[in-house]
Amino acid sequence: MRLAMPSNSPTVRRGAVPIRDSAHGGSQIVFNYLPVQYRPGRFRAGVVPYEAAEQLRRLRDDLAGSHVVTRSGDTIVCVPVVPDAPTIGSEQEFNTEADLVVVTSLLQAALRRVLTEGWNFQLRKFAPLVFVSRIPGRDLLEAAASGTNMEGLHVYPEYRLDVRRRGPAGTPGILVGIKARYEIDLPVSELLRRGVRVEGRYVLAVDHDVPEEPNMDLSARRRLVGMVESVVGDRLRLTDSSGPSEIPASEAWLEPRRDVFHDVLAIAAGSGYRRIESRLNEAAFKLSGAEGRYERTKEIADGLGRHSPLTIAVGVQAAVGEPAGSTSRISTRRLDSPTFVFDLSGDKTHRYPRQGLERYGPFDSEMFTPKTPSVAVVTPQQFKGSAEEFMHSFLHGVPGKEAFSQGFIRKYRLTDCKVTFTVFDGGAQDAGAYRQACLTALEAIKPDLAIVLVSQEQEHLYGDASPYMVSKSTFMSQGVPVQEVQVETIRDAERASTLSTIALACYAKLGGTPFVIGASHRAMAHELVIGIGRSDVQTSRRGGSQRFVGITTVFSSDGNYMLSNASKQAPYEQYPQELLRTLRTCIQDVMARHAWQPDDTIRLIFHVFKPLKDRETKAVKELVEELTKDYAGVEFAFLHVGNDHDWMMFDLRSAGTRRRGQVTGRAVPARGHAVRVSRSEMLISVTEPADMKLPLQGAPRPLKIKLHKESTFTDLDYLAGQVFRFTALSWRRFYPASQPVTILYSELIAGLLGQLRDVTNWNPDMISAMPLRWSRWFL
């Protein structure tokens, strides 16, 4: 499939992706990044002092046809792009290597001219440049429907061109983002006539305050206006709206989320829906898979290459190259996989956590208590037989099954387990019966752990209607962690692996430490890795009263989980202060628990789920400096860790993994490739072909880490290695995750807090109280 530029754009050739078996010749790591070379190195432009945003807008409007106008610090730079254009302000000389802020704006303006004037695309966004290819033949749904009329429903390729000052190998260039864009072009009035229910759905309407701009995609003026509460005649009554409470159905469009799109598609396609859905998924994979993404990145490169060199200013040109790594090798560092440790002395180690546990037992087996934990099992009468069979296998193992032959007691070096069953007559969806059974179990004895059997048939239930959430709330209110077990899962023939995973989480919930990782070095006396997350208290998407809970998780440098804490609910303006309060409590607890001494040196590494604002970073830094002022030395590193970005890594020598006759992960790199994309940013591949379970699974994004400028510890290579090792440290599963546990655990806490919040009488302060504070209750 081609990008399919308009007929007056340059022809884009299609080339096969040269995938070769990685066993022959190693890896060839390539990026969705097009390096750019500027020439010559110097140019002249006019400069005026910056006074206000209105001044900048006015200059851009007045000089739109002759100059590129951009802000650079306290000045506005007006660069001529047509011959004989007048000099605006005082003339200065600029350098394409040193003045990248200005040069980046020039290249973006040149790309905009190519897209709109050369290829006739309308733009959804101008910075970065976003456009949708709606050219005939590019609609993925049209091809999947193969003749069935899908009027008003479309799935088009959407492209995002982001000009960057630095990329792999330190060169400026263009980052190419690609995704499938789902569109519902029929107004709600027409959807209602076709039998589509819209209550509970969010809708869009044209925002007339957004001015029309030349070459603007008109659908980009549609904005979210609220959720449909009811339909009254030909009008929609809205809730969660900051604007009108009613709008005409003919002037509204359903928000084209993927799930909403498929609901509408199911009605439009009727009995042919499953066939069309299957074909559409295949077509979307050709766009989102690693091979398809690389091919389309190369097509963009070929199309821009036929325009190269691009004139970005009078006398200044830019040559756009092939995807970085495709023609010349990009230097990547291969991070070492962690070694897992199973004793305090560090002598018992293994490359794989499951096998290490079987051979050596858990890391803290000599000091773990209680050696005979009490376990309360709560199950409906209809699952009693399955529950008894499960608990026997759980405690004593599955004979002949390598994954769990030892059982929970022997594998985790326990003396025994005291198990009590509470069986009740209610059904699998009877939350009230579950609550009463949990209270009955607590009357007998306060257990160390509760295991609650549930069913898939209750997965759609929330709050007080959810048996699992009600059970979790009831037990946790008494400081007891809970393990959910789905009866359908434990009845599966291949349940040994499931039992092994459940046992791992249960040991951690009991407060045990199954394993840690071998630290790369021990130069610092104390090194803490602190995850900072956030939970949204309200789900309103437009309301102004949203509140937040700050989440802090603390780990030692070897990945040993220490504790977590959650702040009280607070509006956004008070959230930073609440977060600092919980952070203070966490650090003070660790200092006291581990008896830090005045001559100790301290290193604190913060992993945050979203970029901290400068004022937030400075506040955290000031707090930690206050708490550690009496110690010999203190270092900080503030690291944003996330995968919300457009960067992609491909391995053109990766043939993927064959599973059940199907290949997954072609062109997907192995875990552990790390490459700098700027002075403060690095990409790390964390999901390899073997981790991909579905043949049509889209290409995994690498993890991106970014070091904040306020950091005093700035060894990005060290920090990247630590982040990578922490992705293998989850005590929820034996295989590596796509995020470090600092971020993963915060997300798990946030998700469960969000669900527990809807349960009557749930007290969120319980998770910050003993003993749950030291438990991994959220696994």
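How many residues of helix H12 (residues 467-476) are buried? Select the helix and look: 10 of its 10 residues are buried, and the helix is mostly covered. Buried means under 20% relative accessible area, exposed over 50%, and partly exposed in between, with a 1.4 Å probe and protein chains only. Helices (H or I, at least four residues) and strands (E, at least two) are DSSP runs, numbered from the N terminus.

Before moving on, note that this is a predicted model: local features need pLDDT of at least 70, side-chain atom pairs count only at pLDDT 80 or more, and totals for chains, interfaces and linings use all residues. Residues are numbered from 1 along each chain as its sequence is written, and side-chain values use heavy atoms, with hydrogens and water left out.

**Stop 1: around H12**

Pick out the buried residues of H12, among them Tyr468, Met469 and Phe475. Now show what they pack against: strands S21 (374-380), S23 (449-454) and S24 (482-486). Helices H11 (431-444), H14 (496-509) and H18 (741-756) also pack against them.

**Stop 2: the cores**

A nonpolar core is a set of buried Ala, Val, Leu, Ile, Met, Phe, Trp, Tyr and Cys residues joined through side-chain atoms within 4.5 Å. The largest one has 88 residues. Select Phe394, Phe408, Ile451, Phe475 and Tyr745, which touch the most other members. A second, separate core has 78 residues, including Ala205 and Leu304.

Zoom in on Phe394. Leaving aside neighbours within four places in sequence, its contacts (heavy atoms within 4.5 Å) include Phe404, Phe408, Ile451 and Leu499.

**Stop 3: ring pairs**

Rings of Phe, Tyr and Trp (its six-membered ring) pair if their centres lie within 6.5 Å; planes under 30 degrees apart count as stacked, over 60 as edge-to-face and the rest as tilted. The whole structure holds 27 aromatic pairs.

Select Phe121 and Phe131. Their pair is tilted, at 4.6 Å centre to centre and 35° between the planes. Both Phe121 and Phe131 are buried.

Next, select Phe555 and Tyr745, another tilted pair, at 5.6 Å and 45°. Phe555 lies in strand S27 (residues 547-556) and Tyr745 in helix H18, so this pair ties together parts 190 residues apart in sequence.

Then show Phe368, Phe390, Phe394, Phe408, Tyr412 and Tyr507, which ring pairs link into a cluster.

**Stop 4: charges over rings**

A charge sits over a ring if NZ of Lys or CZ of Arg is within 6 Å of the ring centre and within 35 degrees of the ring normal. Select Arg222: its charged end sits over the ring of Trp253, 3.9 Å from the centre. Finish at Arg603, which lies over the face of Tyr718, 5.4 Å from the ring centre.
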